Amino acid sequence: MIIEKEKFIGLFKENELTITDEMYDKFYEYSELLTDWNNKINLTAITDPEGITVKHFLDSLLIFKYADIKENAAVIDVGTGAGFPGIPMKIYRPDLKVTLLDSLNKRINFLSEVSEKIMLHMECIHGRAEECAKKTELRECYDFAVARAVAAMPVLCEYCLPYVKVGGCFIAMKGPGEDISAAENAVIILGGKIDKIVDYDLNGDGRKIAVVKKISHTPLKYPRNSGQIGKKHL
């Protein structure tokens with residue numbers, strides 16, 4: 001359920017991304033599992049081959065065009081949903097140590113099957129972001145946290161920055177209307193610094209990537225519980 005190989009590879013090449021035959025095969029199998037599971041649980045509203053290719057796979061991989069992700073980096077995808085951007089990142093960069101975190105166990109079952117069937121060897125964790133960030137085995141253990149989510153940037157920062165090591169980065173993939181500067185206070189409180197904001201085009205649709213550097217430890221009282229986060233942003 002993706003576009004045919006030659007067109008797929010050409011589309012990614014236009015965006016400075018090189019897709020091998022092996023990568024294409026994995027993307028194809030991932031798309032088949034996504035479509036099959038989507039009939040049982042709600043994973044995505046985008047199910048046509050062009051949409052899956054561009055809005056899920058290409059969009060996920062553009063993170064490599066606009067952010068420098070070092071070799072063998074530990075990456076956590078917070079609130080990964082159907083696996084975006086974490087699974088495409090792992091297919092494209094097998095060297096990455098990818099952890100997928102989601103609060104819905106049915107989605108974790110899907111993600112685990114994808115990992116097993118296309119041999120990606122990812123860690124899939126069921127849990128709420130604000131609760132898992134308190135666990136010593138996860139807190140400040142990752143070089144990068146990534147999120148492609150609809151939550152406001154101050155909220156995403158509180159969910160994601162606690163996972164990032166000092167010296168690492170949180171990378172947020174956002175829509176064009178997001179005011180990243182609205183998160184500046186939250187970023188400072190949580191030990192970060194807004195490093196880069198990139199506006200880009202995805203086949204005619206506006207997108208934005210924000211890179212937040214982790215420059216100091218996140219105070220232990222963060223993240224707060226979901227009720228507090230929802231009631232008042234930092």
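A salt bridge is taken here as a side-chain nitrogen of Lys or Arg within 4 Å of a carboxyl oxygen of Asp or Glu. The side chains of Lys214 and Glu140 meet this criterion, with N and O 3.0 Å apart. The structure is a predicted model, in which local features need pLDDT of at least 70 and side-chain atom pairs count only at pLDDT 80 or more, while totals for chains, interfaces and linings use all residues. Residues are numbered from 1 along each chain as its sequence is written, and side-chain values use heavy atoms, with hydrogens and water left out.

Helices (H or I, at least four residues) and strands (E, at least two) are DSSP runs numbered from the N terminus. Shared partners join the salt bridges of Asp59, Arg148 and Arg207 into one network.

The search of the whole structure finds 15 salt bridges. One of them pairs Glu16 with Lys65, the closest N and O atoms being 3.9 Å apart. Because Glu16 is in the loop between H1 and H2 and Lys65 is in helix H4 (residues 63-66), the pair ties together parts that are 49 residues apart in sequence. Glu16 is exposed, at a relative accessible area of 63%, whereas Lys65 is partly exposed at 31%. A salt bridge is also formed by Asp143 and Lys70, at 3.4 Å from N to O. Asp143 is in strand E4 (residues 142-147) and Lys70 in the loop between H4 and strand E1 (74-78), so the parts tied together are 73 residues apart in sequence. Asp143 is buried, with 10% relative accessibility, and Lys70 is partly exposed, with 49%.

Strand pairing requires that DSSP finds at least two bridges between the two strands. E4 and E5 run parallel and are joined by five bridges; Val146 stands opposite Ile171 in E5. Strand E5 (residues 164-174) has eight buried residues out of eleven, so it is largely enclosed by the rest of the structure. E5 also pairs with E7, in the antiparallel sense over six bridges, with Phe170 opposite Val212 in E7. E7 is mostly covered, seven of its ten residues being buried. Strand E6 (residues 192-202) pairs with E7 over ten bridges, again in the antiparallel sense, and Lys193 has Lys213 in E7 as its bridge partner. Two residues separate E6 and E7 in a hairpin, and Asn203 in the turn has a positive phi of about 50°.

Helix H1 (residues 5-14) packs against helix H2 (residues 21-38) at an angle of about 110°, with the axes 11 Å apart. Axes are lines fitted to C-alpha atoms, for helices over the stretch in contact, and angles run from 0 to 180 degrees between N-to-C directions. H1 is therefore roughly perpendicular to H2, a term for angles of 65 to 115 degrees; those under 35 count as roughly parallel, those over 145 as roughly antiparallel and the rest as oblique. Lys5, Phe8 and Ile9 of H1 make the contact with Asp21, Tyr24, Asp25 and Phe27 of H2, contact meaning heavy atoms within 4.5 Å.

Technical notes. Buried < 20%, exposed > 50% of the residue type's maximum accessible area, 1.4 Å probe, protein only.
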